[in-house]
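Dear colleague,

Here is the structure I said I would pass on.

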Amino acid sequence: MRAFESRNLILSQLADPELLALERILEPLPLPRDFELVHPGTPVSYYYFLESGIASMVATSPEGRKAEIGVLGRDAMSPPALTLDAERFSFDVMMQVGGHGRRVDAGALACFLVDRPPVRRLLSHFLHTFFVQVANNALSNAVHKIDVRLAKWILMCHDRLEGEEIEITHEYMATMLGVRRSSVTDALHLLEGQHFIYSTRGMVIIRDRASLEAFAADAYDVHGISSRDWPQISHRPLAIYR
């Protein structure tokens with residue numbers, strides 16, 4: 001029997017012995033909206049495996065302007081650090097949609113990985129995929145209009161959530177996309193006019209996922225962006241809290 005069932009795509013791919021060993025150092029916990037997983041300029045104390053909810057990796061300019069550079073959810077380990085050494089992390093990672101997950105002390109995870117090459121390879125694959133996402137986001141910001149970028153972003157959020165509802169404000173979307181709130185409002189109206197989504201105060205509801213994907217086109221349908229390549233895992237209820 002598995003040590004526990006997990007919706008996290010990394011944990012779900014671990015072999016039973018590795019999962020059982022890792023369970024001993026994992027701590028389940030709620031991850032409410034605005035919870036900061038790591039603060040820029042500080043060492044990483046914990047790594048988080050999200051089971052639900054969405055985290056954003058955000059870059060901040062010297063003038064204080066912010067923009068999202070990556071989306072993390074049940075597909076991820078957060079923060080997506082390239083090393084497990086206690087180095088200072090360059091970006092803010094915070095929950096934009098509340099959920100729950102499991103965290104592990106950074107030092108304990110480093111010790112766990114010492115003699116487990118298969119797990120290290122799995123984490124390296126995740127980091128490569130996340131790098132592809134960040135690179136694609138940079139390209140999309142340069143070549144796609146805001147309505148296409150917003151459609152891609154909504155799809156990426158939808159991939160990481162259960163159900164059709166995304167609890168998010170216009171203001172937050174504008175910050176994440178690095179644009180004015182009025183631009184987000186106009187783009188949402190366009191997507192609503194095509195009957196792809198329904199937007200209300202603090203909520204976006206997916207109405208026609210297939211048409212939204214067709215509209216986003218090559219902004220979304222890219223390896224590392226689309227969820228089509230994700231492994232299929234169980235969606236049975238989880239015993240998160242003990």
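A cavity here is a set of points, on a 1 Å grid over the protein atoms alone, where a 1.4 Å probe fits but cannot get out; points are joined across faces, edges and corners, and the volume is the space filled by probe spheres set on them. The model is predicted, with local features needing pLDDT of at least 70 and side-chain atom pairs pLDDT 80 or more, while totals for chains, interfaces and linings use all residues. Residues are numbered from 1 along each chain as its sequence is written, and side-chain values use heavy atoms, with hydrogens and water left out.

The cavity lining (residues with an atom within 4 Å of a point) consists of Ile 10, Leu 11, Leu 14, Leu 22, Phe 49, Leu 109, Val 119 and Leu 123. Helices α1 and α4 each give two or more residues to it. By class the lining has eight nonpolar, no polar and no charged residues (nonpolar: Ala, Val, Leu, Ile, Met, Phe, Trp, Tyr, Cys and Pro; charged: Asp, Glu, Lys and Arg; polar: the others, Gly among them).

The second largest pocket (an open set of points with protein on both sides within 12 Å along at least five of seven lines) has a volume of about 310 Å³. Of its 18 lining residues, Leu 9, Asp 75, His 125, Thr 129 and Trp 230 lie nearest the centre. α4 gives the most to this lining, six residues.

Residues buried in α4 include Val 119, Leu 123, Phe 126 and Asn 137; buried means under 20% relative accessible area, exposed over 50%, partly exposed in between, with a 1.4 Å probe and protein chains only.

Overall, the chain has eight helices and eleven strands, taken as DSSP runs numbered from the N terminus (helices H or I, at least four residues; strands E, at least two). Buried residues make up 49% of the 242 in the chain.

Regards
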